[in-house]
Amino acid sequence: MPPESATLDSSRVPFSFELYPPRSASGEDALHETIRRLADAGPDFISVTYGAGGSTGGRSLEVLRFIRENTDVEPLAHLTCVGNTYAGAAALIREFLDAGILSFLALRGDPPAGQTEPFLGDLETSAQLVQLIGRVQAECAPYEETPIPGLPGAARITSRRHVNIAVAAFPKGHPRATHRTQDVEALLAKQAAGATFAITQLFFHPDDYSAFVERARAAGVTIPILPGIMPITSPARLARVLELTGEDLPSELAIALEIEPTAEGRREIGIEWAARLTREVVAAGAPGVHLYAFNQHDTVLTVLAEAGLLPALRS
């Protein structure tokens with residue numbers, strides 16, 4: 001599953017977080033504080049999103065480097081197929097590897113608004129991107145050198161750690177899926193390509209996750225499948241999530257958010273919903289949880305505390 005370097009208490013439920021690069025230089029300090037607070041909780045990894053069609057790691061790589069150099073948490077880089085040539089994607093993967101990033105989330109991605117499917121570029125599926133990540137690492141040195149203090153020019157040789165590659169899974173079906181089994185078939189292809197674990201698209205009911213895992217296991221998927229959970233704290237955020245994912249409207253949550261008059265009350269509703277969902281998927285056997293943090297630490301840490309996965313937060 002997540003990073004091989006993680007050492008876990010057998011009674012501890014693993015968790016992880018997703019962040020995005022700051023939209024401006026002024027947001028860097030706030031994000032760095034958020035990273036420190038999230039890292040103090042002891043996640044397995046922190047993932048950092050990446051925009052489509054870029055040629056360099058840019059701000060994503062800056063955030064990943066900060067995580068690697070200032071915390072003990074594994075940084076995980078997002079990569080997408082959209083708009084990338086083989087050469088461009090390989091160069092980007094190499095840039096991350098050279099920076100010491102050894103965990104990735106390989107995504108197909110969506111074409112920008114107004115663009116058609118051919119805009120995807122040379123890589124047509126995330127399974128192809130998984131294979132490319134493994135191929136690029138295989139071209140690197142098969143070992144790592146660590147300088148030995150006090151012995152100039154001397155180095156300790158160790159075997160290179162193999163990359164961890166996560167992929168997406170869709171409990172309620174991908175919006176572009178043409179038949180019911182297509183999502184499980186795609187996950188099988190990603191596993192065969194070398195994926196080491198999966199993270200689900202958002203869902204709103206524990207049975208959505210459990211039923212998908214059951215179907216995936218019956219079809220031969222063996223990699224861990226982490227549930228992706230997002231605290232929905234406003235009607236606007238819910239509407240945006242539904243627009244992006246094509247999920248069905250969770251009427252109970254939608255009504256509760258709409259009738260609550262205060263922002264703090266809506267935040268409490270979203271936290272309670274996410275905490276309950278977390279408790280129920282863990283009770284159903286989820287190997288951990290992956291929380292979308294929106295570059296804020298308080299909400300997701302409170303979700304984990306209310307779900308019983310962290311001590312209660314101190315005020």
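**Helix α1 and its surroundings**

Modeller: The model is predicted. Start with α1: its buried residues pack against β1, β2 (45-48), α2 (58-70) and α10.

Colleague: What makes residues of α1 count as buried, and which are they?

Modeller: The cut-off is under 20% relative accessible area. L31, H32, T34, I35, L38 and A39 fall below it, so they are called buried.

Colleague: How do you know that the buried residues line one face of the helix?

Modeller: Look down the axis of α1. The buried residues fall within an arc of 160°, so they line one face.

Colleague: Which exposed residues does the face turned away from the buried side carry?

Modeller: D29, A30 and D40. Exposed requires over 50% relative accessible area.

Colleague: What makes the end-to-end span of α1 agree with expectation?

Modeller: Helix α1 covers residues 28-40, which is 13 residues. The expected span is 1.5 Å times one less than that number, so 18 Å should result. The end C-alpha atoms are 18 Å apart, so the two agree.

Colleague: What follows α1?

Modeller: G42, with a positive phi near 85°.

**The sheet**

Colleague: In what order do the nine strands of the open sheet run?

Modeller: The order is β9-β8-β7-β4-β3-β2-β1-β11-β10, with parallel pairing.

Colleague: Why are β9 and β10 said to stand at the edges?

Modeller: Strands β9 (225-226) and β10 (228-229) each have a single partner strand, so one side of each lacks a neighbour in the sheet.

Colleague: What makes β3 and β4 a pair?

Modeller: Pairing needs at least two bridges. Strand β3 (residues 74-80) and strand β4 (residues 103-107) share four, in the parallel sense, so they qualify. One of the residues involved is A77, whose bridge partner in β4 is F104.

Colleague: Which helix lies across β7, β8 and β9?

Modeller: Helix α5 (residues 182-193) does. Its direction is at about 175° to β7 (164-169). Helix α10 (residues 298-306) also packs on the sheet, touching β1 (15-19) and β11 (289-292). The direction of α10 makes about 150° with that of β11.

**The whole chain**

Colleague: How many helices and strands does the protein have?

Modeller: There are 10 helices and 11 strands. Of the 315 residues, 48% count as buried.

Colleague: What share of the accessible surface belongs to carbon and sulfur atoms?

Modeller: 51%, out of about 15,100 Å².

Technical notes: Residues are numbered from 1 along each chain as its sequence is written. This is a predicted model: local features need pLDDT of at least 70, side-chain atom pairs count only at pLDDT 80 or more; totals for chains, interfaces and linings use all residues. Side-chain values use heavy atoms; hydrogens and water are left out. Helices (H or I, at least four residues) and strands (E, at least two) are DSSP runs, numbered from the N terminus. Buried means under 20% relative accessible area, exposed over 50%, partly exposed in between (1.4 Å probe, protein chains only). Accessible areas come from the Shrake-Rupley method with a 1.4 Å probe; for residues, only the protein chains shown count as cover. Contact means heavy atoms within 4.5 Å. Axes are lines fitted to C-alpha atoms, for helices over the stretch in contact, and angles run from 0 to 180 degrees between N-to-C directions. The arc is that of the directions from the helix axis to the C-beta atoms.
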